[in-house]
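Student: I would like to learn how to read a strand and its surroundings in a model. Could you take me through one case?

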Amino acid sequence: MAPLPVKLFALQESAELAATVAGALKTPLSAVEERAFEDGEGKLRSLENVRGCATVILQTLDGEPNCSVHDKLCRLLFLIGALRQAGASGVTVMAPYLCYARKDRQTQPRDPVTIQYVARMMEAVGCDRVVTLDVHNLAAFQNAFRCRTDHLDAQGLFARELLQQVGAADLAVVSPDVGGVKRVERFRRRLAEESGRPVTDAFVRKHREGGVVSGEGLIGEVASRQAVILDDLISSGTTIVRAARACKAAGATVVHAVATHGLFAHHAREMLADPAIDRLVVTNSVRPWRLVGSAVEDKLTVLDIAPLLAEAIRRIHSGDSLVELLADGTT
């Protein structure tokens with residue numbers, strides 16, 4: 001493989017994932033100096049010459065202990081600007097989990113559309129491409145940014161994992177709300193094609209008002225099937241558990257809760273211990289640190305997205321097709 005004409009950087013919270021990506025690309029991870037000052041300010045700079053180089057910064061933008069979403073976003077902005085000021089020919093931000101992607105429209109008077117503000121900040125400091133994974137609302141993500149955007153999905157990873165686990169069992173793919181029906185239909189078709197047998201679909205009616213979720217009616221056929229509840233993320237776990245209970249009540253034999261981003265906020269570790277969920281599958285786009293030591297760990301599977309990210313970087317900087325990448329279930 002010819003050397004990749006790009007330098008890969010990561011902030012410290014994403015260094016482990018980035019090192020695996022760099023290994024898959026057979027390229028070294030570029031060094032960054034991160035200094036914290038006594039007054040709470042800090043400094044980031046590349047320790048390598050980037051003049052005339054294409055660069056990629058890998059940083060997932062979720063909150064962690066001692067490092068909030070805003071800490072991560074602010075430091076990412078500073079590193080983008082520092083690379084451009086040091087002469088980088090371009091900066092791609094690869095954010096597997098993109099913060100504020102859910103705040104993509106006004107639901108009340110004078111509401112912010114925060115994803116647009118995040119986009120403007122990134123572009124203002126010199127970002128010219130953003131790559132993300134299973135963003136909450138693809139159209140809103142694409143419309144928020146004026147720079148180039150690329151969107152990856154984890155459906156190939158999930159399909160391979162599930163088909164290895166379920167054997168010859170009949171499957172139903174379930175959306176926990178009507179908003180995810182298109183995502184579920186794409187995944188249902190993929191599972192049917194790769195398994196060579198029919199896969200049904202269903203969705204759960206859900207209403208949210210004033211932060212309160214209601215409605216449990218399941219539309220579709222899950223009886224005597226293993227149900228795969230598919231969503232882009234799990235936060236508190238309330239939505240997934242309601243859907244799992246509805247599937248079990250409708251006769252599903254096993255329930256797999258599958259989501260790309262496991263945020264596991266609030267009381268998720270208690271909520272997801274519900275016996276209606278037999279198996280929980282997420283990716284390492286977000287480290288599942290909140291579930292460490294909980295009863296949920298025994299039914300948790302974490303899939304590695306590093307090969308997918310590495311291949312996306314290679315294709316972007318070699319002029320190859322990302323469409324073919326996402327259609328290929330072997331990555």
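Tutor: This is a predicted model. Start with the pairing: strand β1 (residues 7-10) and β4 run parallel and are joined by four bridges. Within that pair, Ala-10 lies opposite Leu-58 of β4.

Student: Which strand is joined to β4 by five bridges?

Tutor: Strand β5 (residues 90-95), and these two run parallel as well. Thr-55 has Val-91 in β5 as its bridge partner. A right-handed β-α-β unit is made by β4, helix α2 (residues 69-85) and β5.

Student: How should I read the side chains along a strand?

Tutor: In a regular strand, side chains alternate between the two faces of the sheet. In β4, Ala-54, Val-56 and Leu-58 are on one side, with Thr-55 and Ile-57 on the other, and all are buried.

Student: Why is β4 described as largely enclosed by the rest of the structure?

Tutor: Because five of the five residues of strand β4 (residues 54-58) are buried. Buried here means under 20% relative accessible area.

Student: Which residues have the most contacts inside the largest nonpolar core?

Tutor: Val-21, Leu-152 and Phe-187, in a core of 45 residues. Helix α9 (residues 306-318) supplies the largest share of this core, seven residues. Leaving aside neighbours within four places in sequence, Val-21 is in contact with Leu-8, Leu-58, Ala-306, Leu-309, Ala-310 and Ile-313.

Student: What does the second, separate core include?

Tutor: That core has 32 residues, among them Phe-9, Ile-80, Leu-98 and Cys-147.

Definitions and conventions. Residues are numbered from 1 along each chain as its sequence is written. This is a predicted model: local features need pLDDT of at least 70, side-chain atom pairs count only at pLDDT 80 or more; totals for chains, interfaces and linings use all residues. Side-chain values use heavy atoms; hydrogens and water are left out. A nonpolar core is a set of buried Ala, Val, Leu, Ile, Met, Phe, Trp, Tyr and Cys residues joined through side-chain atoms within 4.5 Å. Buried means under 20% relative accessible area, exposed over 50%, partly exposed in between (1.4 Å probe, protein chains only). Contact means heavy atoms within 4.5 Å. Two strands pair if DSSP finds at least two bridges between them. A crossover is right-handed if, with the strands pointing away from the viewer, the path from the first strand over the helix to the second runs clockwise.
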